[in-house]
Amino acid sequence: MVAVTFDGQELTLVEGENLAAALLAAGVDTFRETPVSGAPRAPFCMMGACFDCLVEIDGTVRQACLATVTDGMNIRKPNGTSDV
Ligand code: FES
């Protein structure tokens, strides 16, 4: 188990697990909001196709479904279209 933060909230996740799955299992249900309407988005395809799982990980916007959990990750919801 390792500690990460999501939007400032400390979470304990299983190291090496798929990040999107681990966040969902930890109760995170909104990974980002759409830039136009602000509608909430969460992982849908879990295979890198839909981009609904975009998060900012240590300053870089990435698909959570294609990332694995590592110790100390600082994860945030991306802001606006410039991050996508
Ligand atoms: S859940 Fe679709 S790209 Fe990650």
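The model is predicted: local features need pLDDT of at least 70, side-chain atom pairs count only at pLDDT 80 or more, and totals for chains, interfaces and linings use all residues. Residues are numbered from 1 along each chain as its sequence is written, and side-chain values use heavy atoms, with hydrogens and water left out.

The protein contains 1 helix and 7 strands. Helices (H or I, at least four residues) and strands (E, at least two) are DSSP runs, numbered from the N terminus. Their order along the sequence is β-β-α-β-β-β-β-β. The radius of gyration is 12 Å, close to the 12 Å that the globule rule gives for 84 residues, so the protein is as compact as a globular protein of that length. This radius is taken over C-alpha atoms, and the globule rule is 2.2 Å times the number of residues to the power 0.38. Along the principal axes, the C-alpha atoms fill a box of roughly 35 × 25 × 20 Å.

Of the 84 residues, 35% are buried. Buried means under 20% relative accessible area, exposed means over 50%, and partly exposed lies in between (1.4 Å probe, protein chains only). The protein exposes about 4,600 Å², and carbon and sulfur atoms supply 49% of that area. Accessible areas come from the Shrake-Rupley method with a 1.4 Å probe; for residues, only the protein chains shown count as cover. Among contacts (heavy atoms within 4.5 Å) with a separation of 6 or more, 42% join residues 24 or more positions apart.

The largest nonpolar core has 20 residues. Such a core is a set of buried Ala, Val, Leu, Ile, Met, Phe, Trp, Tyr and Cys residues joined through side-chain atoms within 4.5 Å. The residues with the most contacts inside this core are L13, L19, L23, F31 and I75. At least two core residues come from each of β1, β2, α1 (19-25) and β5. Helix α1 gives the most, with 4 residues. Leaving aside residues up to four places away in sequence, L23 touches F6, L11, L13, V28, F31 and I75.

Charged pairs form a further set of links. Side chains of opposite charge can pair when their charged atoms come close. A salt bridge is a side-chain nitrogen of Lys or Arg within 4 Å of a carboxyl oxygen of Asp or Glu. The count comes to 5 salt bridges.

One of them joins K77 and D7, at 3.9 Å from N to O. This pair links distant parts of the chain, 70 residues apart: K77 is in the segment after β7 (74-76), and D7 is in the loop between β1 (2-6) and β2 (9-13). K77 is partly exposed, with a relative accessible area of 22%. D7 is also partly exposed, at 40%.

K77 forms a salt bridge with E33 as well, and the closest N and O atoms are 3.4 Å apart. E33 lies in strand β3 (residues 32-33) and K77 in the segment after β7, so the pair ties together parts that are 44 residues apart in sequence. E33 counts as partly exposed, at 34% relative accessibility.

Another salt bridge pairs E56 with R76, at 3.5 Å from N to O. E56 is in strand β5 (residues 54-57) and R76 is in strand β7, 20 residues apart. E56 counts as buried, at 12% relative accessibility, whereas R76 is partly exposed, with a relative accessible area of 33%.
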